[in-house]
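My notebook is open and I'm going through this one piece by piece. Here is what I looked up, in the order I got to it.

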Amino acid sequence: MDQLRFDGRVAVVTGAGGGLGKAYALLLGSRGAKVVVNDLGGARDGVGKSNFADAVVKEIKDKGGVAVADYNNVIEGDKIIKTAIDNFGRIDILINNAGILRDKSFTKMSEQDWDLIQAVHLKGAFKTTHAAWEYFRKQKYGRVIMTSSNAGIFGNFGQANYSAAKLGLVGLANTLSIEGAKYNIKVNTIVPTAASRLTEDILPPEMFEAMKPDLIAPVVAYMAHESFPDNGAIIDSTLAYATKTHFVRGNGAPLKKKPSDPVTIESVKENWSNVVDMNGAVHVDKIADVTIDLVQKLQNFEERAKLDGDRESYWSTYNYNSKDLALYALGVGASVVNPSDLKFLYESHEDFVALPTYFILAGMCIESPLVANSMPPGKHADFTNILHGEQYIEFLGDYPGTEGEFTIRSYVADVLDKGSSAVSIVNSEIYQNKQLVVRTQQQIFVLGQGGFGGPRNSKLAVGVQNAPKRAPDAVVEQRTAEDQAALYRLSGDYNPLHIDPNVATASGHSKPILHGLASLGFSARHVLAKYGGNNPSNMKVLKARFVKPVLPGQTLVTEMWVEGKRVHFQTKLKETGNAVIAGAYIDFNDIITSGASSSSASAPAAGPGGALKSDALFAKIKAEVDKNKDLAKGIGGVFLYNITENGKIVKSWTLDLKTPVVSEGTPKSGKADTTMTVADNDLVEIAAGTLSPQVAYLKGKLKIAGNIMLAQKLGPLLKSPAKI
């Protein structure tokens, strides 16, 4: 790696007579920078003077460097910058390192203790930076390093004055990084923990020796280099270790249930746990983003309130990726033994897709209090008395992709009285990018909580359908594994009934039972493969009733009857003949018997897609191919790029290097020799060189089908500015 140099640069380091500042000055001087070594030479509390700066200057000069000493107080920062201008004619780097300590408990702290600390740390950094700022603006270059402390970020007993000043420096750096950006002025903050004369008699000797400033100096020098990429960063470093620190902001919560409700002290208390919940917290770079985020959340609150009306709803989010889909597929019996299952298990398969029953999980809302809250007075529901009775799922619009985030609205549609038990009917609406993509309905039996005089049936409940009274048209058997429940629970249902022998025994089972949704996943796979062309996007609706439990290791027998585009099915245990799933059916867009061809579930929508980041890359490739047709013809292959967003193909590009021609869409005739499927953002990163194609391929971000070796021949062509 080429050595990072500072030739031609002028650096000012305050508080450089010893410790960290000295280490910074020596390192910058050894790499070609002309250094102004500033140090008043005072003790830890700022009292007194010495010639520390002269000694550092001499050491830099003895090693062939260029340096001058400066003994001005940072409160007169303009004089320090003048030293740089008078001696070297410019200023490029400013490291605000000077500091003193006046540690006392807050009760004993005097106003002088407070003012001195603010003056040296905060005002001193302001004065030096302010004096250098106009030089930076005129030359359109500058690097500023503020020095904060963990005491400023987290607080520390006896350092109220010091902590306030150090966090103030973070705020100063944040604003200056914004104001200086268009002038190529980068302002960052270092949070060092090192031995210095400020900590010499505070740290234990062995720790003082280990925390050498020399271990932090390379971090600060890189932050001061012209190649440093960040602006407004807070970098924490000690003991040859560095990390980034930043503030995060929680999702927050409305302080009222409806837009028309008042905000009261009581409503604040009621919602406080959600206000301070940091799950899903994110880092926000700009204050404008905070405003935009708040406006968006208020709009969402208004929109959700309109949907909810007077009904209590539970809103949640659900994230998934290719690992989740493959794990689920294994949990419901997919296997590499069956070649047709590979597209459910292998993220780089050209037709990788989610099993349709996977999306039931998004609507489960296990943590929701809805069922418990729906019980009539005197009745209760908890994990000890609820059973999953029936399940429904319906797909609307485009089939969900292989990764993404859902927003889910769940609510109780009705509560039924079945005599001995209550039934809570829970509907879930699953949205992606504000579009309703999936509906689900659960019927949750609440044992022993009936008899409250409620309705026995509901027009809002999706009913099961009895299978025809004739021999089934098809039967599929599959044995579950002894570890099936242990595997399936990793998809999110951690009820100990499915793993803990003691809980199973207490519930009346000989051993932990398989999840009902796992058995349903097996059966739906069987039906999909037999009559759905094994194409998940062919499924419209599924409905099923859970009848009896299944023990891991037992064999599921799925019986199917075809009537129009509906396939009725029921599932029995081979060992006992008992039905475990009944009244079930799947509605398909088309009935496709196994062995017949079916369209790929991941085929892109017809017609050109909208504007993508990668469009500009393909425009460059087209220009390069037009200029280098002979080189393109030498490759002689046809390459298809499928560009995805949220796991779905949204646009395709063809590189026909036989003709040669680059065009949007699939090949005009014939078939591509090599097909590459990649997300729009990932493709841009690959093009920029920040994501290695090999790493992308190994992580499943870049999927290659067809002649993989032929793709390597693209190298000479893609060394053009249009790297892909």
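Predicted model: local features only at pLDDT ≥ 70, side-chain atom pairs only at ≥ 80, totals over all residues.

**Confidence first**

The chain as a whole averages a pLDDT of 89, and 93% of the residues score at least 70.

Residues are numbered from 1 along each chain as its sequence is written, and side-chain values use heavy atoms, with hydrogens and water left out.

**The cores**

Next I looked for nonpolar cores (sets of buried Ala, Val, Leu, Ile, Met, Phe, Trp, Tyr and Cys residues joined through side-chain atoms within 4.5 Å). Buried means under 20% relative accessible area, exposed over 50%, and partly exposed in between, with a 1.4 Å probe and protein chains only.

Which residues touch the most other members of the largest core? I found Phe359, Phe406 and Leu520, out of 54 residues. Helix H16 (residues 516-531) gives this core its largest share, eight residues. Apart from it lies another core of 33 residues, including Ala84 and Val187.

Helices (H or I, at least four residues) and strands (E, at least two) are DSSP runs, numbered from the N terminus.

**Helix H4**

I checked the length of H4 (residues 111-139): its 29 residues should span 42 Å at 1.5 Å a residue, and the end C-alpha atoms are 41 Å apart, which agrees. The expected span is 1.5 Å times one less than the number of residues. H4 does have a kink of about 40°, centred on Lys123. That bend is the angle between axes fitted to the seven residues ending there and the seven starting there. Just after H4, Lys140 takes a positive phi of about 55°.

**Strand S17**

Is S17 (residues 539-546) mostly covered or mostly open? Covered: six of its eight residues are buried. S17 runs antiparallel to S12 (residues 386-395), joined by five bridges, and Ile393 stands opposite Leu542. Six bridges join S17 to S20 (residues 579-588), also antiparallel, where Phe546 has Ile581 as its bridge partner. Strands pair if DSSP finds at least two bridges between them.

Methods
pLDDT = per-residue confidence, 0-100.
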